[in-house]
Amino acid sequence: MKEFFETYIQHQEDIEYFLQESLKNSGDLSNHKKIDFKQLYKIFPYLELIYIVNKDTKIQTSNNFYKYKIDENAMGKDRSHLISKLHFKESNIAFSPPYISSATSSNCVTVSIKEGDEIFFLDFQIDILLQKLNLIELNKPFHSITKAFYIIAGFSMMVLALITIIFSLYDFIAYLFSIHDLSLEMIFKPIIALTLSIAIFDLAKTILEQEVFFKSYSKNSKLETKILTKFLTTIIIALSIEALIVVFKIAINDYDQMINAFYLIAGIALILISLTVFIFYSTKKDKHIQ
């Protein structure tokens, strides 16, 4: 949603000119009032709400005309707080900054037009408007499918992370009450499982945040770097614990196999170096862009 506002502000002058000229070409709004503005909704697919306010009394004199319904409860409301914020141009048109509509809960911009003793308020939905002007790519059917997929995948990963935690704790508790001697390996195994569960849960949370609840329509390199860094850090911790277990096992049982522990630790060190280089160049690139 923030990205919609940023894109709108970036192209605000062109968008306002487009809306102004389009509304001029549609004729007087008072003529459309007779048929509940149905023709305007056909012309402007991104239009979502129209209502009329008397410019002298500042009282709403019409219903709220939505695309598929009419709300009669809004008539008679005092709209002085809206009119006081209007700054009309020579063409008797005023544009509001982008905001979240309390009536529709969508991101929109309001265009106010003076005609006689009436002021027409037209709310345009920003995301559809930007899509119409080819400023963003937004395919709602495809977005709905991908959103459903991310919901299923994200929550499934959370459930699997929870099952991993429960199973590792159950296995550890069952081992404590068994006749076997307590070993260092059985202490570290639940720690590894818990660490991996955190990594899985973190990844699922990030997917749900970025693709479902706060959908992002632009590439954010900082965010992607943060996600990858956080995930790989958790994996490195889990592998380091596993390497520690291997070292202890080899030290107790067979020194000849210590080279294998070295290979594992060297691999972890290589991943750590690679991650460090990646973070360094990513940070350097972001500073250069700024």
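The model is predicted.

**Salt bridges**

The count is two salt bridges. The table gives both pairs.

| Pair | Closest N and O atoms |
|---|---|
| K24 and E21 | 4.0 Å |
| K33 and E118 | 3.2 Å |

K33 and E118 link distant parts of the chain, 85 residues apart. K33 sits in helix 3 (residues 29-33), while E118 sits in strand 7 (residues 118-125). K33 has 31% relative accessibility, so it counts as partly exposed. E118 is buried, because its relative accessible area is 17% and buried means under 20%.

The pair K24 and E21 lies within helix 2 (residues 12-25). These two residues are three apart, so about one helical turn separates them. K24 is partly exposed at 46% relative accessibility. E21 is partly exposed as well, at 27%.

**Nonpolar patch**

Which residues form a nonpolar patch on the surface? They are L169, I173, L176 and F177. Together they have about 430 Å² of accessible area. L176 belongs to helix 7 (residues 140-176). Its relative accessibility is 44%, so L176 counts as partly exposed.

An unreviewed UniProt entry lists residues 148-170, 190-208, 228-252 and 258-281 under "transmembrane region". In the model, residues 190-208 are 100% helix and 0% strand. The end C-alpha atoms of residues 190-208 are 27 Å apart. Residues 258-281 are also 100% helix and 0% strand. For residues 258-281, the end C-alpha atoms lie 35 Å apart.

Definitions and conventions. Residues are numbered from 1 along each chain as its sequence is written. This is a predicted model: local features need pLDDT of at least 70, side-chain atom pairs count only at pLDDT 80 or more; totals for chains, interfaces and linings use all residues. Side-chain values use heavy atoms; hydrogens and water are left out. Patches are made of residues with over 30% relative accessible area and no salt bridge: like charges are joined within 9 Å, nonpolar side chains (Val, Leu, Ile, Met, Phe, Trp, Tyr) within 5 Å. Accessible areas come from the Shrake-Rupley method with a 1.4 Å probe; for residues, only the protein chains shown count as cover. A salt bridge is a side-chain nitrogen of Lys or Arg within 4 Å of a carboxyl oxygen of Asp or Glu. Helices (H or I, at least four residues) and strands (E, at least two) are DSSP runs, numbered from the N terminus. Buried means under 20% relative accessible area, exposed over 50%, partly exposed in between (1.4 Å probe, protein chains only). UniProt positions are given in the numbering used here, feature names are shortened, and annotations may be inferred rather than shown by experiment.
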